[in-house]
Amino acid sequence: MKTTVIHGGAVLLEDGLKYQWGVRIQDDRICQVGPWADITPGAEDQFIRVPDQIILPGFINGHNHMYNVFSRGISTDAVVTEFSSFLDDFWWPYIENRITPELAALTAKWSCAELLDSGVTTQFDILEAPNAIPGALEAEAAAIREAGLRSVLTFEACERISAENGQTGLEENASFIRSHKDDPLITGAMSIHTLFTCSPDYVKQARDMARKLDAKFHMHLSESVFEPNWCAEHREGRRPVALYDEMGCLDRDVIASQVVQVNQDEIDLLGRSGATAVSMPLSNCEVGGGIAPVTELLEAGVQVGLGTDGYINNFFEVMRGAFLIHKANRQDPQAMGARQVYRMATDMGAKALGMEQVGQIAPGMLADVITVRMDDTPTPINEKNIYDQIILFRNPADVQNVFVGGRQLKRDGVLTTLDRDALREQVREACARFWTFQ
């Protein structure tokens, strides 16, 4: 039995800051949370004393595309004018269609390095690479297992390339779900793209497969006005959420990502269905999709998580985006408080993915734990401002220790499972080749 004792300057729990508290980890679980005096290390225990740091649950990245790193700074002849041209003229031909299993594995390692540095301990990743299947998810899984990041991996299946490729995508997910059903670190899910790349029969087939496999069902939903407008033209004026509901595809096992261009009726329907959502505040801005009605979704009872979309993997930046963008959008400084954002990044984000054993510091929870420096802020930290201090004024460099399932993946600010400098050179070399267009 492996035991680690961490004494932090404080532990942030649901009922507030607990000063001079710590946690005891046995194997992959938190087994004790309490004052230093009650949690004493044994002679054989690993003992981490960090009185200048606060102990937090690891952050939950509810929506990622690890391969996205190859798009950063890319120069092409594509002229993007709106969302459909972003896909047709840029994303699909220059990025998505050219990803191989080898590139998926390499970018998986780099993405894990970025996320672990940023205090993320769980991710839900969607691979969009129709020419990399079958086998791409297993290639990613091998890389992620080395890194140690808790992950749900899924392939974005659709019929964009062909009906045959669509079926290969569904089987890629089904095979991975079956193979990793009892995997404590990496699991699978069923995912489709959108209603404009998937026929109704295909959507229903994917949803039925997810139910039979007892797996989550994920889709990109109304990332811009394009999907609602397309449905209005091609699906007799129906809205996307209503169409999913009519197809029997909305329930508590559904994760809807993006959810930007939805109206109040759709929001209410999502709330009644029990489906969850994940918001990407920064990437939604980048593609011109709009600002998701996250505050309205929360008011309707929808559990909402946060995601990076693989765009900017600094999770503190994503949390800041969520904190600020909705205030501006609603012209209300009280909208989207720091504590709400923190919950979307931790326990609510975990619930949005259907993961009940991460996102909190409590006995019995999986030992996905981080420590964050709080000694160098120019203003005092207290119970009233702790969430603002974390969301607005901390960065990856402040994350000193990261544990996933009790395994230490960052120690004193340095990653333990990945060589970031060596990885950077590998990714740059691969990217230089990837950016050579024929």
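## The second largest pocket

By class, 9 nonpolar, 7 polar and 7 charged residues make up the lining of the second largest pocket in this predicted model. In this classification Ala, Val, Leu, Ile, Met, Phe, Trp, Tyr, Cys and Pro are nonpolar, Asp, Glu, Lys and Arg are charged, and the others, Gly among them, are polar. Of the 23 lining residues, Asn 68, Phe 86, Trp 91, Glu 286 and Val 287 are the closest to the centre of this pocket. A pocket is an open set of points on a 1 Å grid over the protein atoms alone, where a 1.4 Å probe fits, with protein on both sides within 12 Å along at least five of seven lines; lining residues have an atom within 4 Å of a point.

The second largest pocket holds about 350 Å³ of space, a volume being the space filled by probe spheres set on the points. Helix H1 (83-95) and helix H9 (281-286) each give at least two residues to its lining, and H1 contributes the most, with 6 residues. Helices (H or I, at least four residues) and strands (E, at least two) are DSSP runs, numbered from the N terminus.

## The largest pocket

The largest pocket has a volume of about 650 Å³. Strand E8 (150-157) and strand E9 (186-188) are the elements that supply two or more residues to its lining. The lining comprises 28 residues, and those nearest the centre are Val 152, Lys 181, Thr 187, Gly 354 and Met 355. It divides into 13 nonpolar, 6 polar and 9 charged residues.

## Aromatic rings and charges

The model contains 11 aromatic pairs. Rings of Phe, Tyr and Trp (its six-membered ring) pair if their centres lie within 6.5 Å, and planes under 30 degrees apart count as stacked, over 60 as edge-to-face and the rest as tilted. The ring centres of Phe 86 and Trp 91 are 5.7 Å apart and their planes lie at 20°, so this pair is stacked. Both residues are buried (under 20% relative accessible area, with a 1.4 Å probe and protein chains only): Phe 86 has a relative accessible area of 11%, and Trp 91 has 8%. Ring pairs join Tyr 67, Phe 83, Phe 86, Phe 90, Trp 91 and Tyr 94 into a cluster.

A charge sits over a ring if NZ of Lys or CZ of Arg is within 6 Å of the ring centre and within 35 degrees of the ring normal. Lys 18 has its charged end over the ring of Trp 21, 5.9 Å from the centre, while Arg 98 lies over the face of Phe 434, at 4.2 Å from the ring centre.

## Basis of the values

Residues are numbered from 1 along each chain as its sequence is written, and side-chain values use heavy atoms, with hydrogens and water left out. As the model is predicted, local features need pLDDT of at least 70 and side-chain atom pairs count only at pLDDT 80 or more, whereas totals for chains, interfaces and linings use all residues.

Note on methods. Buried < 20%, exposed > 50% of the residue type's maximum accessible area, 1.4 Å probe, protein only.
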